[in-house]
Amino acid sequence: MIIEIDFNSDEALYIQLRNQIILGIATNRFREGDPLPSVRALAGSIGINMHTVNKAYTVLKQEGYVKVDRRKGAVIAIDLDKIRAMEELQKELKVILAKSSCKNISKEEVHALIDEIYEEYGGLR
């Protein structure tokens with residue numbers, strides 16, 4: 001598992017770790033049912049505190065990206081609650097699009113960016 005953490009970033013380490021795992025799911029590096037490394041193993045390989053990894057896993061579980069299996073540990077388990085996901089996306093997009101509007105970024109430019117990003121993830125599944 002390749003995780004890139006920027007120790008100089010203002011973003012919390014657990015958020016960076018969470019985001020890296022979500023990007024891994026989106027790019028098919030991680031698939032439904034894939035086990036994540038143990039908290040101890042991942043913390044050791046990245047060089048961060050086990051509590052930080054545990055917090056990232058907890059957030060991923062709360063957000064519906066992983067489940068905890070007693071035998072396997074943390075496992076990729078994508079939450080298929082599309083309505084909830086759409087509501088969350090809409091909330092986040094409102095702020096992003098408001099920022100874009102303030103910077104005079106056109107709707108066409110936003111659409112082009114979205115298309116480009118979706119291509120990175122293989123488009124719609």
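Where is Asn104 found? I began with this residue and located Asn104 in the loop between helix H4 (82-102) and H5. I note at the outset that the model is a predicted one.

**Entry 1. The loop between H4 and H5**

I looked up the backbone of Asn104 and read a phi near 60°, a positive value in a residue other than glycine. I then checked its accessibility: Asn104 counts as exposed because its relative accessibility is 70%, and the cut-off for exposed is over 50%. Ser106 has its place in the loop between H4 and H5 as well. Ser106 is partly exposed, with a relative accessible area of 25%. I also took a distance from Ser106 to Ile96, which is 10 residues away along the chain, and found their C-alpha atoms separated by 13 Å.

**Entry 2. Helix H5 and what follows**

I examined helix H5, which covers residues 107-120. Its 14 residues should span 20 Å at 1.5 Å a residue, and its end C-alpha atoms are 20 Å apart, so the two values agree. Just after H5, I found Gly122 with a positive phi of about 80°.

**Entry 3. The protein as a whole**

I recorded the overall make-up next. The secondary structure comes to five helices and two strands, and along the sequence the pattern reads α-α-α-β-β-α-α. The C-alpha trace spans about 50 × 35 × 25 Å along its principal axes. Of the 125 residues in the protein, 26% are buried. The accessible surface comes to about 9,300 Å², and carbon and sulfur atoms account for 54% of this surface. I also looked at contacts between residues at least 6 apart in sequence; 50% of these join residues at least 24 apart.

**Entry 4. Helix H1**

I turned to H1, which has 14 residues. From its first C-alpha to its last, H1 reaches 20 Å, close to the 20 Å expected at 1.5 Å a residue. Which residues of H1 are buried? I listed Gln16, Leu17, Arg18, Gln20, Ile21, Ile22, Gly24, Ile25 and Ala26. I noted the general rule that an α-helix has 3.6 residues a turn, so residues three or four places apart point the same way. The cover over the buried residues of H1 includes H2, H3 and S2.

Gln16 counts as buried because its relative accessibility is 7%, and the cut-off for buried is under 20%. Leaving out residues up to four places away in sequence, I found Gln16 touching Glu4, Ile5, Asp6, Ser9 and Glu11.

Just after H1, I came to Asn28. Asn28 is found in the loop between H1 and H2. Its phi is near 65°, a positive value in a residue other than glycine. With a relative accessible area of 32%, Asn28 is partly exposed.

**Entry 5. The nonpolar core**

How many residues has the largest nonpolar core? I read 19 residues, and those with the most contacts inside this core are Leu17, Ile21 and Tyr57. The elements giving two or more residues to this core are H1, helix H2 (39-46), helix H3 (50-62) and strand S2 (73-76).

Not counting residues up to four places away in sequence, Ile21 touches Ile3, Phe30, Leu36, Tyr57, Leu60 and Ile76.

**Entry 6. Tyr65**

I placed Tyr65 in the loop between H3 and strand S1 (66-69). Tyr65 counts as partly exposed, at 24% relative accessibility. Beyond its neighbours within four places in sequence, Tyr65 is in contact with Ile22, Ile25, Leu60, Val75, Ile76, Ala77 and Ile78.

**Entry 7. Aromatic rings**

I searched for pairs of aromatic rings, and the count comes to zero. I did find a charge over a ring: the charged end of Lys55 sits over the ring of Tyr14, 4.2 Å from its centre.

How values were computed. Residues are numbered from 1 along each chain as its sequence is written. This is a predicted model: local features need pLDDT of at least 70, side-chain atom pairs count only at pLDDT 80 or more; totals for chains, interfaces and linings use all residues. Side-chain values use heavy atoms; hydrogens and water are left out. Buried means under 20% relative accessible area, exposed over 50%, partly exposed in between (1.4 Å probe, protein chains only). Contact means heavy atoms within 4.5 Å. A nonpolar core is a set of buried Ala, Val, Leu, Ile, Met, Phe, Trp, Tyr and Cys residues joined through side-chain atoms within 4.5 Å. Helices (H or I, at least four residues) and strands (E, at least two) are DSSP runs, numbered from the N terminus. Rings of Phe, Tyr and Trp (its six-membered ring) pair if their centres lie within 6.5 Å; planes under 30 degrees apart count as stacked, over 60 as edge-to-face and the rest as tilted. A charge sits over a ring if NZ of Lys or CZ of Arg is within 6 Å of the ring centre and within 35 degrees of the ring normal. The expected span of a helix is 1.5 Å times one less than its number of residues. Accessible areas come from the Shrake-Rupley method with a 1.4 Å probe; for residues, only the protein chains shown count as cover.
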